[in-house]
Amino acid sequence: MTAAMRNIAATLSVSAHDAHLLRLTNNAVFALPDAGLVIRIARTHQLRDRVTKVVRLARWFAEIDAPTIRLARGVEQPIEVGELVASVWQFVPSHPPALTMEDLGMVVREFHALGVPPFPLSLWDPVGDARRRLAEADGLSRSDRDFLADWCDQLEPEVAILVDRGTRTLIHGDAHAGNLLREASGRPIMCDFDATCAGPWQVDLAAVAVGEARFGGTGQHGSLVTAYGIDVTTDPSWRILRDARELKMIVAAVPLLTTSPSVAGEFTNRLRSVRHNDPTAQWRPFADLTVHARNRR
């Protein structure tokens, strides 16, 4: 990933001397502050279509001045590096005050009000996404694969009914404070549109509720409820939304099972809690584990 990042920087004629890794999950995300860029590289060629979608969405967001990060100016995208594909974004330095759940609630409401783009956009399909991840899994045991496949089989018809009967709007798909930035003007904006699609708006309120339950912390979900005005945990579809979110949070580790022992261990922890129907079991973020492992090296 680092070699690919440096290759892209050279192609753009910018220095990568200050490049540092921001995130390493399904994408390797590098900041190049002096160049004012962020380079986001998909870790598998099977995500090529997703990168193309994200670039198309970002161009539309810029046209309508959506509360979102912007692509780098003057760069033809996506960029291919061997079998990998990447996108390049404007770097947004950290600006005070710290981002809050109130900011998230405000931005998500604005995001939902954008309408759907004037081009085809896939419908929310968490089970389909999970199945595609499982199809490329190398380090998955037979038992774990069978359990996840059965979970997909049970959840799929429930998701289909929810999508068919609900009001479809633009949904971010991974709405949490970690995907917020603050511009110099003070405006909070969203980033990371890999999961953006059309579907029931409730999806975007589930991430914080599930995250608080699994990662700990108090008050974040309540603050989001106040800012957005709706408590998704009281919605009739809450159980389906929760299961879909947890499935996403578990299969996200599949590409890293053979390369990161710490992620593989957390994957096992998460899957065990679902197998034992333990909604109180605590999880650790995969991104923290990969970054900490790199720092130790």
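Student: Why is Cys191 called buried in this predicted model?

Tutor: The relative accessible area of Cys191 is 13%. Buried means under 20%, so Cys191, at 13%, is classed as buried.

Student: How many disulfides does a search of the whole structure find?

Tutor: The search returns 0 disulfides. Cys152 is accordingly in none, and its nearest cysteine sulfur, that of Cys197, is 16 Å away.

Student: Is Cys152 buried or exposed?

Tutor: Cys152 has a relative accessible area of 0%. The limit for buried is under 20%, so Cys152 is buried.

Student: Where is Trp283 placed, and why is Trp283 called buried?

Tutor: Trp283 sits in the loop that runs between helix H9 (261–275) and helix H10 (286–296). Its relative accessible area is 4%, and because the cut-off is under 20%, Trp283 counts as buried.

Student: Which residues does Trp283 touch, not counting residues up to four places away in sequence?

Tutor: Among them are Arg214, Phe215, Glu246, Met249, Ile250 and Ser273.

Student: What makes the pairing of the Trp283 and Ser273 side chains a polar contact?

Tutor: The two side chains are joined at 3.1 Å. A polar contact needs N or O atoms within 3.5 Å, one able to donate a hydrogen and the other to accept it; the 3.1 Å pair of Trp283 and Ser273 is therefore listed as one.

Conventions
Residues numbered from 1 in each chain as written. Predicted model: local features only at pLDDT ≥ 70, side-chain atom pairs only at ≥ 80, totals over all residues. Heavy atoms only, no water. Helix = DSSP H or I, 4+ residues; strand = E, 2+ residues; numbered from the N terminus. Buried < 20%, exposed > 50% of the residue type's maximum accessible area, 1.4 Å probe, protein only. Contact = heavy atoms within 4.5 Å. Disulfide = S-S within 2.5 Å.
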